[in-house]
Amino acid sequence: MGINEGYSQTIRTQSSNISVQDTSNITPDTTKNHLKLTNGKDTVVMKNESGLETVVTIVANDSSWNEVSKNIIHLYSGAKVKYQEFELSADYIRLDRNTNMLYASGVVDHTGKYVGRPVVLFPNETPKAVDSLLYNYKSQEGKTFGIMTEEDGGYIQARVLRKNIYDEMSIQNAMYSTCDLPFPHTHFGIAIPKGLITHKQVIAEWPHLVVQGIPFKFITVPFGFFPKTNKKQAGFLFPSFGDDVTRGFGLRDFGWYLTFNDYWDSELRGSFYSKGAWESSIRTNYLVNYKFSGGFNIRFASTPTGVEGSDNYKRAKDFNVTWTHTQRQEANPGTSFSASVNFGTSSYFQNSGAGSTYNYQELTRNNMSSSISYGKVFADGKVNFTSSATHRQDMSSGKVDLELPQFSLNVSTFNPFDSKDRVGEQKWYQRITVGYSLQGRNSLSTGDSTIFSKQTLQQFTNGFQHNIPVSLSLNAFKHFQFNTSVNYTERWYLQTIRNYRANEINGYINVKDTVGGFRRAYDYSMSSGLSTKVYGMYPKIGKIEAIRHVVTPSINFNYRPDFGDPKYGFYREWINQDGRLSKYSIFEGAIFGGPSAGEQMGIGFSIDNNIEAKVKNKGDSTETGNKAFKKVPILQGLTFSGNYNFAADSLKLSTISFSGRTSIFNEKINLNFNGTFDPYQLDNQGQRVDRFAIKNGHLARLTNFGLSFDYSFNPDANKSRNNNIDSMRNQMPNMTKEQAEALSRISRDPNAFVDFNIPWNLAGSFSLQYFKRFDTEVRRERSDYTATINLHGDVNVTPKWKIQFNSGYDIRQKEVAMTNFSIYRDLHCWDMSVGWVPFGRYQSYNITIRAKASVLQDLKLTKRNSHYSY
């Protein structure tokens, strides 16, 4: 026996004779031995009947030895064999050159584990790991032991598999399941005692169900045929079940899956409840690689209320339609098209429990909106055209606003007095910039119950607006920025209005007529201002080394003529219902409005503050990456702004608005606030009067104030989630549409999925809105507010069990917001979730068991809401 480290050789097969050519230095007497020592390359030349030669390449990383008398080669540790398109790697391979047979297996290491299993790659197939195999590389027939193969998202594990030259596989003692572990656990599987796998189907003899390792042989058939077309197939969608306090026991989301081709598929689903309610939906997705993708979902719900046969019994019929479309930028450079549509009846989400999802965000939704947009860039990017059709619907009032369509054409600003051949810096006049924009709109506001009536569709208003801004920016007095601008706006309308008093039988009434005909409305304004930055430093205070205060004040002078003057013809006079002569704009209610009356000549002002502290780090500054000081924000963007109009006859000072933000607790909480001060008093009718509030001892009246912040008690939760998503995107650049949608849901909704690697998470948010309203009964202002607290979190009871919750409290109404609990059990290849709403209008529970998408197994993130389908 001879041992050769790092052995590599090439064998050429020939049917008639065998000759061995040794390139190593071998002593003459070694040819008498039955084993031949080699430390170079051996070449065995064999030819078939046609005289063609074939090559088998062999590599052994550890060692190899050659039984010359038996013509057998043994390879160890990382051995590889390649014959044409067939490849094999294992920790032990035996090659018999007399029979052209390969035997491969793993080895038992020093710990007693079976390692180095063979990995085989057949032509046009993915690599497969097996326990051991026999393979005739000449006839291309083999027998495999302990193999696992994936077929259309499922896994077939067989104790014995034999493959012939027709790519047909015979299997024995096989198991089909959704689990990819060597020993499937906690699963629903199909046992196949004997079977045949062809290119188009799987034929099984006496297949039967296995649950939790228990065979149900009494639920079987003599044989079964399962189609295997390597593409999506239509099939039944299994339902979930649960109970709803208002609709009764329900069978939810059962239906049928339809696939038409590689580009689009559909789901038809339905839900039925014991109290007579039902829902149906059609969801369709489409995808054309490298061009566009999207999908739409049409949902309908019928919900009875009251007692059947009584006067208060009625049935609500609601619908909801969504559509999304995304176009790849590279598909048509310079052109874009996208759609995000969501419309339907305002009561759909409340009556159907948000489509039986009980999603808190959907149940508390107060509006729906849609947008379909198209864009085109041309003239080397200097001209940009966009158009869109939009819809916005108020859920509480039922008001619907439509824009069908609206468009804009924008030309980038340019310097008309500059020269391409200019040498040196620009002159002051060469800094003048000019721009242009054109907008067009066709708008309608109506109720959702009358939106499709013929009379309503005739009430669209439309118009065009041109805008030409001219501006100049210069540095002045070293420390100031000087800005001046002139803005010209012109609007085109095809109709205007006329007001008058008509004499009717019961008296005079107000009449507003619409007059057809083209009219233009124009206005212009001018503004000039100065701005600068002022830096201030405060001395050391305790542990604070320094405080830096940056103040950015700005002031501008603005002027706009009185376009209510009769010479412009934009305003007319009429006798109103009080018998007084008053003015009205003939463009009242126009889509872009009209020029405003009253001369404007005033001073606008604003002041922005940014305060941050420099604090010494507690750690050792000599450590790598640790700075001696760190910046701590105190106030960011604290801004006050307003305007004083010299030309006004009263109420010359506008309201003073303010806003700001900051971070506290080592930037773990982001706090935002805003509000408005009114410098004037109110009369007993709630109207502002020309009398400053300071005369009553108040600097100004605080009319509204808003405050909000959120905080997570375990910041590792968001960090881990984002890291997992980024890791998956990097590892799976060519993920399927279903995988991409699953990751997209995680990105959009942090609560939709949970991470078992994070043992707990608790997060909360607070929102406060304070405002003042005039009470006509007591004839004075009253303060009011709204305030809500929201909490959500989860905790691992065991490594595979997790409990989640979501709740809140309305401080103003003194009631608990909708509360729901979820219990989740990770079954690796399956999952089980239980949702429970313990009280309130949507009191219910829901239980779901289903196969889990493979992308989520890899991601270690698990499905939280049972209504999501994969």
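The accessible surface of the protein chain amounts to about 49900 Å² (Shrake-Rupley method with a 1.4 Å probe), and carbon and sulfur atoms contribute 55% of that area. The model is a predicted one, in which local features need pLDDT of at least 70 and side-chain atom pairs count only at pLDDT 80 or more, while totals for chains, interfaces and linings use all residues. Residues are numbered from 1 along each chain as its sequence is written, and side-chain values use heavy atoms, with hydrogens and water left out.

Of the 870 residues in the protein chain, 37% are buried, that is, under 20% relative accessible area, with exposed meaning over 50% and partly exposed in between (1.4 Å probe, protein chains only). Seven helices and 55 strands make up the secondary structure; these are DSSP runs numbered from the N terminus, helices being H or I with at least four residues and strands E with at least two. Among contacts (heavy atoms within 4.5 Å) with a separation of 6 or more, 52% link residues 24 or more positions apart.

Strand 43 (residues 669–678) runs antiparallel to strand 42 (residues 656–664), with nine bridges joining them; two strands pair if DSSP finds at least two bridges between them. Here I656 stands opposite F677. Strand 43 is also joined to strand 46 (residues 701–712), again antiparallel and through nine bridges, and F673 has L707 as its bridge partner in strand 46.

Two residues in other strands can be set side by side. N609, in strand 40 (residues 600–616), has a relative accessible area of 10% and is therefore buried. Beyond its neighbours within four places in sequence, N609 contacts H549, V550 and V551 as well as L635, Q636, G637 and L638. F272, in strand 24 (residues 264–273), is partly exposed because its relative accessibility is 47%. With residues up to four places away in sequence not counted, F272 touches F249, G250, L251, F254, A277 and W278.

Turning to the interior, a nonpolar core is a set of buried Ala, Val, Leu, Ile, Met, Phe, Trp, Tyr and Cys residues joined through side-chain atoms within 4.5 Å. The largest such core has 31 residues, and L75, F86, L88, I93, L102 and I171 touch the most other members. Outside four places in sequence, F86 is in contact with V81, L102, V120, L121, F122 and Y135. Another core, of twelve residues, lies apart from the largest one and includes A521, F563, F570 and W574.
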